[in-house]
Amino acid sequence: MEPAREAEEPPGSPALPAEEPQGGQPVGAPPGEEALPAAAGRERGVRGAGPQGPGGRAARGRGRRGGGESGRAGRRPRVTVDSSKAKTSLEALKISLRQLRWREFPLGRRLPCDIYWHGVSFRDNDIFSGQVNKFPGMTEMVRKITLSRAVRTMQDLFPLEYNFYPRSWILPEEFPLFVDEVRMLKDSDPSWKPTFIIKPDGGCQGDGIYLVKDPSDIRLSGSIPARPAVVQEYICKPLLVDKLKFDIRLYVLLKSLEPLEIYIAKDGLSRFCTEPYQEPTLKNLHQVFMHLTNYSLNIHSGNFIHSDDANTGSKRTFSSILCRLSSRGADVKKLWSDIISLVIKTIIALTPELKVYYQSDIPAGKPGPTCFQILGFDILLMKNLKPMLLEVNANPSMRIEHEQELSPGVFENVPSAVDEEVKVAVIRDTLRLVDPHKKKRRDVHSQKPPQWAPLRPPFQTKAVSGLHEDAGRVRLGHTHNEVKIWCQAPERGPEEPLPASPAALPSLCLKQVFPKYAKQFNYLRLLDRVAALFIRFLGVKGTTKLGPTGFRTFIRDGQQIARAAPAQSCSGQRSLRNGPRNCKLSNSNFSMASVDILYIDITRRWNSMGIDHKESGMCLQAFVEAFFCLAQKKYKSLPLHEQVASLIDFCEYHLAALDEKRLVCGRGVVERRSAAVPCHTDGPHLTPAAHSPLLNRMATAGKFADDRNHRYERC
């Protein structure tokens, strides 16, 4: 049965005045909060909220007829948010929406909303517009096994740049490899006495995690591990505070995939163990309160300390840890720089497959929402302040309360000041960044004189530039250790609603790191270009697997390309379909028979790993492996990343040439049809000059490819 939904007024209906009790505060205002002005703080769609009878109708008539700024401000549309699937983040979301003065629909809405806030994952096929706070495929991408595969692929290409992720193996398929490598490492270095941590792939909140000293201690079912898991080398020398091990939960906003846009919260949470740390031994391996920082585990410890002080307790703000490190002389700026680099590199490793999921769920050219998502990065600081990535959470907890045991077996939800301080700011400022009405407001405000003026001395309350002493509001903003006070000119009437604006809110707690630092990291985005090739050859929209025909088309031989007719012989559509799809990869290095064998072997192996059996074919990870094999055969005696870059350049050059041929062929067909059937149009006419930029790029790319090939031949 469909849940009851909020009744809505037809578009354009007037706003109803709010009822006022004897105390003068509008009905429904939360206790202890300032009541919103009548026109701004009311849900316009709720029937029965205003007075009835002739007086009420007269008031509504005056509202319809009222001109001037007051009438227009009262009818100004507010951002609408569907929170019916928000789940555990609901309370923090509600506080954020009240601060922004946006309109919430907790039971959903028949009409489209601007923003849909989901608590778990992207699983709503009924959304055709607006924005959703989840990316399709993100939950699958940050699972422990998938994340390890993505990061390890980047470690193969750029081992030094991706040394922030512990050495890892995937169980059960890599268990023999894990045993052999550990034996070899111990033989080469007898002093190496490692500890390993086993993390189940589908586990969360510390479920199923345990430590071992030897591969033979891994819990087996027969001869293989009981369930898929990742085994990693345990970090034995973490940074300690108050003799306790801790990790950092940082919140990262992925605002856009194309173009890539990343923000990092300026503050996060530090979650502490509840027993003093000792390096792992056979005696203390099973002491989870000493080795595991998971909040959901340590909260059950008798030593767990709930505190509203950000500097004490078992959960603190990350900024308090930074202040403490800074007081000890640590280089906090370098630490932040390393963390930003870690976050950007990790997301670069995830984006290729995310793009495949995105085009599958929201194909280009079809109606669908745009996406953004808040991710939780769990980071451990080593003793030398080197940050290490533990895992990435697609659905970080946004609860702002915790359970407190009042008596044995009796628990109560108690607000957590530390959680609220960090999480509400992250949600609120995420909404501010994705605000769909922001551009409209910016255009309106750009036509008005500035309404804020800085006051030079701190805590000044005197009138400045003619502003009244008791008018306006004062806000403190801390930026780069400077205190700034802003005073607002009283330009609104006493009855005009005060809209939420960035000036009335704290400065953003989210800092853009990409594309701000794109120049330093763009060279790492090789797999994004491989994913673009993969998507191009998928053939069928809405799929994530490449079939054998698509793979053969990708590596079709030169004779097939030669059969693509030149511009002067383009008389049919078949030649257009045959030409622009292939990369001219086949040569003496590998025949089409070897290509078929490569496709079958790699696809069969990846499918045996349990990689999405819903579709048959080659997944992106398998295609990347095949691409690496082809690059190593075509460009020998080079580092892997140069081989891959060379093959990408080769493919992109030939595809650009084929696209240009298709464009010229299409223009020739149109010109012949125009000559046969004269017609007059007002649209732009294509000329050779219109294609000169693409031809110039092709010529430059061809010269670059030739120079690179000559260099490789000399090598």
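## The largest cavity

Helix α11, spanning residues 417–433, supplies the largest share of the lining of the largest cavity, namely three residues. The model described here is a predicted one, and in it this largest cavity has a volume of about 100 Å³. The lining comprises 13 residues, of which H306, S307, K315, H402 and S416 are the closest to the centre of the cavity.

## Packing of helices α5 and α10

Helix α5, which covers residues 144–157, packs against helix α10, which covers residues 332–361, at an angle of about 105°, and the axes of the two helices lie 9 Å apart. Because angles of 65 to 115 degrees count as roughly perpendicular, α5 is described as roughly perpendicular to α10.

On the α5 side, the contact is made by L147, A150 and M154, while α10 contributes T346, I348, A349 and L350. The residues of this contact divide into six nonpolar and one polar, with no charged residue taking part.

## The protein as a whole

The protein contains 21 helices and 24 strands, and of its 715 residues 46% count as buried. Among the contacts between residues at least 6 apart in sequence, 70% join residues that are at least 24 apart.

Notes:
Residues are numbered from 1 along each chain as its sequence is written. This is a predicted model: local features need pLDDT of at least 70, side-chain atom pairs count only at pLDDT 80 or more; totals for chains, interfaces and linings use all residues. Side-chain values use heavy atoms; hydrogens and water are left out. Axes are lines fitted to C-alpha atoms, for helices over the stretch in contact, and angles run from 0 to 180 degrees between N-to-C directions. Helices (H or I, at least four residues) and strands (E, at least two) are DSSP runs, numbered from the N terminus. Angles under 35 degrees count as roughly parallel, over 145 as roughly antiparallel, 65 to 115 as roughly perpendicular and the rest as oblique. Contact means heavy atoms within 4.5 Å. Ala, Val, Leu, Ile, Met, Phe, Trp, Tyr, Cys and Pro count as nonpolar, Asp, Glu, Lys and Arg as charged, and the others, Gly among them, as polar. On a 1 Å grid over the protein atoms alone, a cavity is a set of points where a 1.4 Å probe fits but cannot get out, and a pocket is an open set with protein on both sides within 12 Å along at least five of seven lines; lining residues have an atom within 4 Å of a point. Grid points are joined across faces, edges and corners, and a volume is the space filled by probe spheres set on the points. Buried means under 20% relative accessible area, exposed over 50%, partly exposed in between (1.4 Å probe, protein chains only).
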